Amino acid sequence: MIRVLLLIDHSSKFCRRLLRGLVQYSKDHGPWLFYRLPSYYKTLHGEEGILKWAREWKADAIIAQGDEAGTSFLKCLQVPVIVQNYQGRSSCFSNLTGDYRGTGRIAARFFLQRRYRNFAFYGNKGVVWSMERAEGYKEEVEINGGDFYYFETEALNGEEWGSSHEKLDQWLLSLPKPVALFACDDHFALQVSLTCKLNSIAIPEDISLLGVDNDELICNLSDPPISSIELDVEKGGYETGRVLQQLVTEERTAPRNIVVNPVRFDLRKSTEKYNVANEYIREVLHYIETSFTTPISIETLTRKVPLSRRSLETKFKKEMDISLYQFILKLRIDYFADLLLARPELSLLDLAIRSGFNDSRNLSRIFKKMKGHTPTDYQKKFAPVK
């Protein structure tokens, strides 16, 4: 039985999902034994206290949270260690990390598709996952000719919030509007939302707001609720278990990076606006986004606005750089992809009909062209760990 000592937080949704995946691996390949030292243990007993506990408990492996300076003392135990990154990645232990730059890039693409030209990032100072998300976001924005604005602060609590709150106020008020704002995580997105409310900055009209982690509680504490990028955390936890087993049994001894990838957007009201000038196209966009799972004809759309079929199609393509048909198709395919993961017990035909398709013919071909996988392969690759 492998004995795993946990030196990580379990209060955040990210950590709970990570541990859920890890525990599932232990059920499938164990059983394993886990013990979590409370966060105050190091404060009370120091590094030597943790080392003493690990030796007496006979830990076979450790999962820790922190940076290199805060975890290097574990080397003397000579057991496998996986570090959940914070300020940076470890050079001597395996890392539980993420495709942070990739997450920043897909956030930028999301806003670019909504036709924004001003982009802002609100980050956590000195934290690797925030810095690299900002870098990926900025790179994609600048490649596409957008204007980028950046502000960062340290994690805020208690008295620290006072002066930092004023600086965040000033920064948000100074941003050109409308602006697409990507926050480094959902907690920081909620700070933006609360500050906007205090300063009468409208979301999503003035600031379209997107976070990361898809913590439903945090996102829904905001008014309006915050859209967020969901990460494949449980699969990362499961992979952590697999790597730990290889390290403990010496099938593989070299440190490795376990990468948690972004998988989908959970869209809420904080990003529901498109930055388009034509009021009729805005109205059509709103109707499509709320009705795309039902039959939509061009005649239905022309009854919504005083435009002819040709005029509507021309103006839509000019504003959105995509045809009406392709826009509706993309919404349906994205929704179908979400249902593949959320409702795997349903048939492809049922999922197709729920996504707005009349049948499932040609759907697999279209899906593979847009997503890079067949529906079945997509389901296998991205399905959450049970």
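**Strand pairing, salt bridges and backbone exceptions**

Biologist: Which residue in β9 is the bridge partner of V179?

Modeller: This is a predicted model, in which local features need pLDDT of at least 70 and side-chain atom pairs count only at pLDDT 80 or more, while totals for chains, interfaces and linings use all residues. Residues are numbered from 1 along each chain as its sequence is written, and side-chain values use heavy atoms, with hydrogens and water left out. Strands (E, at least two residues) and helices (H or I, at least four) are DSSP runs numbered from the N terminus, and four bridges join β8 (179–183) to the parallel β9 (207–212). In β9, V179 has as its bridge partner I207.

Biologist: What is the order of strands in the open sheet of six?

Modeller: Strands of a sheet pair through backbone hydrogen bonds, either parallel or antiparallel. Two strands count as paired if DSSP finds at least two bridges between them. By that rule the pairing in this open sheet is mixed, and β7 (147–153) and β12 (262–266) are the edge strands, each pairing on one side only. The order is β7-β6-β8-β9-β10-β12.

Biologist: What angle does the direction of helix α5 make with that of β6?

Modeller: Helix α5 (128–143) packs on the sheet and touches β6, β7, β8, β9 and β10, where contact means heavy atoms within 4.5 Å. Axes are lines fitted to C-alpha atoms, for helices over the stretch in contact, and angles run from 0 to 180 degrees between N-to-C directions. With β6 (118–124), the direction of α5 makes an angle of about 170 degrees.

Biologist: How many residues apart are R17 and E234?

Modeller: The side chains of R17 and E234 meet in a salt bridge at 3.7 Å, N to O; the term requires a side-chain nitrogen of Lys or Arg within 4 Å of a carboxyl oxygen of Asp or Glu. R17 sits in helix α1 (13–29) and E234 in helix α9 (233–248), so the pair links distant parts of the chain. Their separation is 217 residues.

Biologist: Is R17 buried or exposed?

Modeller: Buried means under 20% relative accessible area, exposed over 50%, and partly exposed in between (1.4 Å probe, protein chains only). R17 has 9% relative accessibility, so R17 counts as buried.

Biologist: Which residue forms a salt bridge with E239?

Modeller: E239 lies in helix α9, and its partner is in the loop between α9 and β11 (257–260), so the bridge ties together parts 17 residues apart in sequence. The closest N and O atoms are 3.6 Å apart, and the partner is R256.

Biologist: Where does the cis-bonded P31 lie?

Modeller: Most residues other than glycine have a negative phi, and most peptide bonds are trans. The bond from G30 to P31 is cis, with omega near 10 degrees. P31 is in the loop between α1 and β2 (33–36).

Biologist: What is the phi of K58?

Modeller: K58 lies in the loop between α2 (40–57) and β3 (61–66). At 61% relative accessibility, K58 counts as exposed. K58 is not a glycine, yet its phi is positive, near 65 degrees.
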